[in-house]
Amino acid sequence: NHAHPSTAKSLASDARYLLPLYARPDVIFTHGEGCYLVDQVGRRFLDLAAGIAVNALGHADKDVVALVAEQAGQMIHLSNLYHHEHAGPFAKALVEALPEGCQGGIQGQGTKVFFCNSGTEANEAAIKFGRKHGRTHARPDTPKHTIVSFTNAFHGRSMGSLSATPSPKYQTPFMPLLPGFVNAPYNDVEQIAKVVDESVCAVLVEPVQGEGGIVPATKEFLVALRKRCDEVGALLIFDEIQCGLGRTGTLFAYEQYGVSPDILTLAKPLANGLPIGAVLIAPNVASTISPGDHGTTFGGSPLATRVGHAVLDRINTPAFLSHVKDMGAHLLEQCKELADNSPIISAVRGSGLMVGMQLRDKVDPNMFVELARERGVLVISAGQNTVRIVPPLVITKEQLDHAVEVFDQVIGEMESYIASGKDLQT
């Protein structure tokens, strides 16, 4: 990183006060428009990170900006001590958007919604609701409180969701974690019956893993999980924090599998950047939750729910979702062509506009990220040596083609490093 002098001065000042939790490049962004970000010195960047799959409608969307301004002029925060006019209609819209015909779980009628502020809060709530349901339905001789999650999962950084995120990198500094969490191999059908037994109250899984390397579940795996949860009276929780709300080309990723969860968690793109999370809960689970069992000061605010409702209405149309499917298929095809012509890419995976290029061992994806940024394209890394591409859902074919041209240049430079014997780990 070689920061512009004015940027370097600002960063040095900021560093005196900000806790250094993030490995950020020496760039300060000031504004965005659509799929582009502009930095402090006027450079434009094509944003294929979208705030980590948050800005589904891009930056400074005119309708969102107008709605935020209007609602801010009326009421931003109220707390959940009182009713307001936006949370209920938004919850109704989410429930009515649930797909029909999926096996088991939430189906629409009778489903309830809890609003919070983030993905990790949504998963914390889901874990608590799973524990409460298990406690309510446990046999006297068999405690029912175990939560099962899977290898390479990422469910958040607060203590409950962290306990369900089996990564030493995230967990080890904060040991001991919460008891009652076990993990099993992702997409391994044979292990399900061994791990999901009568002591399990809930199984927490991402239909498409994001942080874990952009890895879709197999249909066989999710169908087997649904069946086993039903057999032992465990809840099936789908974490669609990153893969939900149109990202994979359908409103919810799970509808492509024909399997429905008992609890669904949502967040990232739900209000296009305003902090919000949502938990959708099947009737049989909602009936076990009582007033005071959970709560939030900021969750479900007038501002966040009004904007969230508008964002949902924008995304949940045939034309919008068809665009995501088409652009995702095009991006996946282009990335596979890059892989076919380069030895440094070992695999390409994805669903909709959620695509990962896995680099071979000892090739650091952060070098790819840095070289792409130097050429004006923003991508991010993920687990399993993967370059993660999660652009705004409004991205165009021309913008994707430009990004792929830059990727090709980056790959060429990395291959030249290999030929010269240089280390490809940053």
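Analyst: First, a definition: buried means under 20% relative accessible area, exposed means over 50%, and partly exposed lies in between (1.4 Å probe, protein chains only). This is a predicted model, in which local features need pLDDT of at least 70, side-chain atom pairs count only at pLDDT 80 or more, and totals for chains, interfaces and linings use all residues. Residues are numbered from 1 along each chain as its sequence is written, and side-chain values use heavy atoms, with hydrogens and water left out.

User: How many salt bridges does a search of the whole structure find?

Analyst: A salt bridge is a side-chain nitrogen of Lys or Arg within 4 Å of a carboxyl oxygen of Asp or Glu. With that cut-off, the search of the whole structure gives 14.

User: Is Arg314 buried, exposed or partly exposed?

Analyst: Arg314 meets Asp63 in a salt bridge, 3.5 Å from N to O. The pair links distant parts of the chain, 251 residues apart: Asp63 is in helix H3 (residues 62-72) and Arg314 is in helix H11 (residues 302-315). Helices here are DSSP runs (H or I, at least four residues), numbered from the N terminus. Asp63 is exposed at 52% relative accessibility, whereas Arg314, at 28%, is partly exposed.

User: What separates Arg226 and Asp230 in helix H9?

Analyst: Their side chains form a salt bridge, at 2.8 Å from N to O. Arg226 is buried at 1% relative accessibility, while Asp230 is partly exposed at 47%. An α-helix has 3.6 residues a turn, so residues three or four places apart point the same way. Arg226 and Asp230 are four residues apart in H9 (residues 219-232), so what separates them is about one helical turn.

User: Which residues are joined with Asp61 into one network?

Analyst: The link comes from salt bridges that share partners. Joined with Asp61 are Asp63 and Arg314.

User: Which residue forms a salt bridge with Arg43?

Analyst: Arg43 is partly exposed, at 37% relative accessibility. The closest N and O atoms are 2.7 Å apart, and the partner is Asp39.

User: What span does helix H14 reach from its first C-alpha to its last?

Analyst: H14 (residues 397-419) has 23 residues. The expected span of a helix is 1.5 Å times one less than its number of residues. For H14 the expected value is 33 Å, and the helix comes close to that, reaching 33 Å.

User: Which residue with a positive phi follows H14?

Analyst: Within H14, the buried residues include Leu400, Phe407 and Met414. After the helix, phi is near 80° at Gly421.

Methods
Helix = DSSP H or I, 4+ residues; strand = E, 2+ residues; numbered from the N terminus.
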